[in-house]
Amino acid sequence: MALVAGRKTFAAGKTLLLRAGVWLGAEAAARGGNGARRFVSQRVLVESDVTAGIATIKFKNPPVNSLSLEFLTEFIICLEKLENDKTYRGLILTSDCPGIFSAGLDLREMCGKNLAHYAEYWRAIQETWLKLYLSNMVLVAAINGASPAGGCLMALSSDYRVLADNPRYRIGLNETLLGIVAPFWFKDVLVNTIGHRAAEHALQLGLLFQPTEALQVGMVDQVVPEDQVQSTALSVMTEWLAIPDHARQLTKSMMRKATADNLIKQREADIQNFVSFVSRDSIQKSLQVYLEKLKQKKH
Ligand SMILES: CCCCCCC/C=C/C(=O)SCCNC(=O)CCNC(=O)[C@H](O)C(C)(C)COP(=O)(O)OP(=O)(O)OC[C@H]1O[C@@H](n2cnc3c(N)ncnc32)[C@H](O)[C@@H]1OP(=O)(O)O
């Protein structure tokens with residue numbers, strides 16, 4: 001078993017800096033010969049069925065799968081590796097943390113740090129979204145837990161969403177509840193999914209939808225009993241993989257390119273906007289109060 005930290009060269013000839021975590025060499029793990037491979041990094045678990053061409057990424061950043069910079073770095077590396085390996089045509093996104101898909105952006109990355117950190121963090125958020133939204137693979141989100149804000153964005157960036165039927169698993173873009181504003185590209189993805197009026201309503205009120213409401217508004221495509229989320233995601237995937245790749249990929253690109261280009265053409269301005277917004281005293285205060293409330297919830 002090969003444990004590698006530091007610089008790693010991937011199949012496509014690209015060299016990426018693995019900032020954190022370890023990587024279990026696919027070659028070593030594949031020796032079982034049953035078509036299953038397993039990559040392990042510290043915060044992102046990748047299981048794959050080579051024969052079916054399907055990989056599953058499990059978020060593993062306890063307690064709440066917040067999108068910390070370390071998590072995002074590992075996640076981007078995994079996505080890039082899978083995207084470049086033509087073995088994989090489909091990717092299921094799910095969580096390894098019981099009851100939580102992802103709590104969204106890590107608020108600690110947005111509080112009490114310097115401007116360079118905020119810029120680096122926001123670039124990683126943008127990169128993650130662009131990679132998900134424009135992936136050539138079929139992406140199915142198997143949402144097995146709460147999915148606010150950035151967690152919801154990851155689900156919305158998939159091609160299909162299956163949500164576990166549990167009233168505690170709420171999903172939505174709740175940014176206004178934190179006293180912050182969802183960026184225009186979060187808004188664009190929501191509008192593309194549920195339409196303008198419903199998005200305006202949901203965004204202004206920071207609505208977090210329970211499963212039946214999420215299904216009704218079109219934020220998810222299916223709500224199923226909790227123990228059927230993974231099997232449903234798999235059968236949806238099989239259905240989507242029956243479509244010829246080139247036709248499906250070109251269609252996906254036709255539907256999504258304008259939305260992605262809208263960010264790509266103003267990426268630097270979007271980073272500057274985030275940095276100046278998040279570093280305001282009033283925003284820092286709102287975020288700290290919100291974090292404090294989360295901490296005190298237990299006591
Ligand atoms: C111009 C640009 C403007 C900026 C735009 C930015 C767009 C922002 C997008 C975002 O994603 S902001 C983040 C929004 N996320 C949330 O509001 C979720 C907050 N969390 C929760 O509601 C709950 O934690 C939960 C996910 C429903 C889970 O509940 P549970 O009861 O299981 O756990 P908790 O006890 O609440 O939390 C455990 C532990 O985790 C900490 N924590 C929770 N969420 C976050 C987070 N997003 N970032 C960092 N830390 C988080 C929480 O404080 C607890 O910590 P400890 O008390 O154990 O230290």
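This is a predicted model: local features need pLDDT of at least 70, side-chain atom pairs count only at pLDDT 80 or more; totals for chains, interfaces and linings use all residues.
The largest pocket has a volume of about 1,400 Å³. It is lined by 48 residues, of which Ala103, Leu105, Leu107, Tyr290 and Leu294 are the closest to its centre. At least two lining residues are supplied by each of β7 (99-100), β9 (145-148), α5 (184-194), α10 (267-278) and α11 (281-296). Helix α11 gives the most to the lining of the largest pocket, namely 6 residues. The lining of the largest pocket comprises 28 nonpolar, 10 polar and 10 charged residues.

Leu105, one of the residues closest to the centre of the largest pocket, is placed in the loop between β7 and α3 (115-133). Leu105 has a relative accessible area of 15% and is therefore buried, the cut-off being under 20%. Its C-alpha lies 12 Å from that of Leu291, although Leu105 and Leu291 are separated by 186 residues in sequence. Leu105 also takes part in the lining of the largest cavity.

The largest cavity has a volume of about 70 Å³. Its lining is made up of Leu67, Leu72, Leu105, Ile125, Thr128, Trp129, Leu132, Gly150, Leu153, Met154, Ser157 and Phe186. Helices α3 and α4 (150-156) each provide at least two of the lining residues, and α3 accounts for the largest share, with 4 residues. By class, the lining of the largest cavity divides into 9 nonpolar and 3 polar residues, with no charged residue.

Strand pairing was examined next. Strand β5 (residues 54-59) is largely enclosed by the rest of the structure, because 5 of its 6 residues are buried. Strand β4 (residues 44-49) runs antiparallel to β5, and 6 bridges join the two strands. Within this pairing, Val46 is located opposite Ile57 of β5. The hairpin formed by β4 and β5 has 4 residues between the strands, and Gly53 adopts a positive phi near 75° there. Strand β5 also pairs with strand β6 (residues 90-95), in the parallel sense and over 6 bridges. Here Ile54 has Gly90 of β6 as its bridge partner. Together with helix α2 (residues 69-84), β5 and β6 make a right-handed β-α-β unit.

A further open sheet is formed by 3 strands in the order β7-β9-β11, with parallel pairing. The edge positions are held by β7 and β11 (171-172), each of which has a single partner strand, so one side of each is left without a neighbour in the sheet. The parallel pairing of β7 with β9 involves 2 bridges, and Ile100 stands opposite Ala146 of β9. Both β7 and β9 are among the elements that supply at least two residues of the lining of the largest pocket.

A search of the whole structure finds 0 disulfides. For Cys97, the closest cysteine sulfur is that of Cys78, at 15 Å, which is too far for a bond, because a disulfide requires sulfur atoms within 2.5 Å. Cys97 has a relative accessibility of 7% and counts as buried. Cys111 is likewise buried, its relative accessible area being 12%. Gln284 belongs to helix α11 and counts as buried at 11% relative accessibility. Between Gln284 and His117, the C-alpha to C-alpha separation is 14 Å in space, against 167 residues in sequence.

Key. Residues are numbered from 1 along each chain as its sequence is written. Side-chain values use heavy atoms; hydrogens and water are left out. Buried means under 20% relative accessible area, exposed over 50%, partly exposed in between (1.4 Å probe, protein chains only). Two strands pair if DSSP finds at least two bridges between them. A crossover is right-handed if, with the strands pointing away from the viewer, the path from the first strand over the helix to the second runs clockwise. On a 1 Å grid over the protein atoms alone, a cavity is a set of points where a 1.4 Å probe fits but cannot get out, and a pocket is an open set with protein on both sides within 12 Å along at least five of seven lines; lining residues have an atom within 4 Å of a point. Grid points are joined across faces, edges and corners, and a volume is the space filled by probe spheres set on the points. Ala, Val, Leu, Ile, Met, Phe, Trp, Tyr, Cys and Pro count as nonpolar, Asp, Glu, Lys and Arg as charged, and the others, Gly among them, as polar.
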